[in-house]
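Please look at the sequence and the model below before reading on.

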Amino acid sequence: MKRVILFLVTNLAVMLVLSFTASLLGINRYLTANGMNFGMLLAFCGLIGFGGSFISLWMSKTMAKWSTGARVIDQPQNSTELWLVDTVRRLATRAQLTMPEVAVYDGPANAFATGASKNNSLVAVSTGLLQSMTKEEVEAVLAHEVAHIANGDMVTLTLIQGVVNTFVMFLARIVGYFVDSALRRNSNENSGPGIGYMITVVVCEIVFGILASVIVMYFSRQREYRADAGAASLLGSPVPMIGALRRLGGIEPDGLPQNLQASGISGRQSWMGLFSSHPPLESRIAALQNRSVR
């Protein structure tokens with residue numbers, strides 16, 4: 001219920017900020033006077049911006065299973081699978097969560113958590129991770145993923161994505177309208193937006209989308225630090241998580257589809273840190289070490 005309220009409040013806040021800013025600058029009066037329905041544009045951008053993000057969140061578990069080939073462990077078939085299920089159950093109980101689904105998939109060392117809510121989630125680990133880490137390190141990775149669920153990170157990032165989507169769509173169309181009006185200033189045609197509007201909107205959505213991704217990736221990096229700290233709390237010590245991160249530094253992680261890159265225990269580092277979904281492993285280790293000295 002709190003997440004639903006957060007969604008509604010966030011959506012309303014975005015609408016109010018955009019509406020207030022446009023009123024302050026006189027944009028809404030100008031657009032209305034020149035034939036564009038400002039209120040409808042605002043509602044449309046909010047609906048599409050948030051709607052797309054929440055549809056993606058709602059389908060996240062299904063898409064994750066399909067894209068990775070993950071097999072949910074309904075009945076453990078060996079001692080490793082039994083240990084995985086028991087470990088996730090123990091960690092989920094400590095975090096006061098409903099037991100997530102536990103899955104295994106074939107691939108390089110990585111793991112991820114996804115799902116529409118704390119009570120409808122999935123924790124998946126790769127065969128590569130199970131083969132390259134000790135049980136203590138795997139437990140730390142599982143604690144990290146359970147911490148993501150406990151922190152509500154999937155929903156939080158969806159809200160942030162919805163906000164930036166709304167701003168990108170709205171601002172692109174505002175700029176497109178002004179450019180189109182300038183190009184057709186001496187024309188008597190009044191048949192709606194022209195080619196200038198359409199081209200400008202497409203270009204602006206690409207440019208604004210790239211800039212918006214910087215904001216989304218910043219919050220993604222922050223949630224990794226929080227999940228590392230959450231794992232340390234669940235395990236009673238940061239040492240296992242530090243060990244797991246050091247192990248990841250010595251192997252080639254990743255192997256996740258693009259739609260799950262931000263959900264993995266470790267993601268690819270962009271040549272520009274602003275576009276990276278995960279902080280450098282060294283920074284995460286240092287943050288945990290600082291935590292242990294306090």
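What follows is a description of this predicted model.

The model is predicted, with local features requiring a pLDDT of at least 70 and side-chain atom pairs counting only at pLDDT 80 or more, while totals for chains, interfaces and linings use all residues. Residues are numbered from 1 along each chain as its sequence is written, and side-chain values use heavy atoms, with hydrogens and water left out.

**The whole chain**

The protein chain has 11 helices and 4 strands, where helices (H or I, at least four residues) and strands (E, at least two) are DSSP runs numbered from the N terminus. Of its 294 residues, 47% count as buried; buried means under 20% relative accessible area, exposed means over 50%, and partly exposed lies in between, with a 1.4 Å probe and protein chains only. Among the contacts in the protein chain with a separation of 6 or more, 70% come from residues 24 or more positions apart, a contact being heavy atoms within 4.5 Å.

**Helix H7 and its partners**

Helix H7 (residues 135–150) packs against helix H9 (residues 195–235) and against helix H10 (residues 239–249). In the table, axes are lines fitted to C-alpha atoms, for helices over the stretch in contact, and angles run from 0 to 180 degrees between N-to-C directions.

| Pair | Angle | Axis separation |
|---|---|---|
| H7 and H9 | about 120° | 7 Å |
| H7 and H10 | about 100° | 8 Å |

H7 and H10 are therefore roughly perpendicular, whereas H7 and H9 are oblique to each other. Under these terms, angles under 35 degrees count as roughly parallel, over 145 as roughly antiparallel, 65 to 115 as roughly perpendicular and the rest as oblique.

On the H7 side, the contact with H9 includes Glu 139, Ala 143 and Val 146, and on the H9 side it includes Arg 223, Ala 227 and Leu 234. By class, this contact of H7 with H9 has 8 nonpolar, 3 polar and 4 charged residues; Ala, Val, Leu, Ile, Met, Phe, Trp, Tyr, Cys and Pro count as nonpolar, Asp, Glu, Lys and Arg as charged, and the others, Gly among them, as polar.

In the second pair, Glu 136, Glu 137, Ala 140, Val 141 and His 144 of H7 meet Pro 240, Met 241, Gly 243, Ala 244 and Arg 247 of H10. The contact of H7 with H10 has 5 nonpolar, 2 polar and 3 charged residues.

**The two faces of H4**

In helix H4 (residues 60–68), the residues Ser 60, Lys 61, Ala 64 and Thr 68 are buried. They cover an arc of only 100° around the axis, which puts them on the same side of H4; the arc is that of the directions from the helix axis to the C-beta atoms. The face turned away from this buried side carries Thr 62 and Trp 66, which are exposed. Just after H4, Gly 69 takes a positive phi of about 75°.

**Residues in loops**

Ser 276 lies in the loop between H10 and helix H11 (281–293) and is buried, with a relative accessible area of 1%. The C-alpha atoms of Ser 276 and Arg 221 are separated by 7.5 Å, although the two are 55 residues apart along the chain.

Gln 96, by contrast, is exposed at 75% relative accessibility, and is found in the loop between helix H5 (79–94) and strand E2 (101–105). Most residues other than glycine have a negative phi. Gln 96 has a positive phi of about 60° although it is not a glycine.
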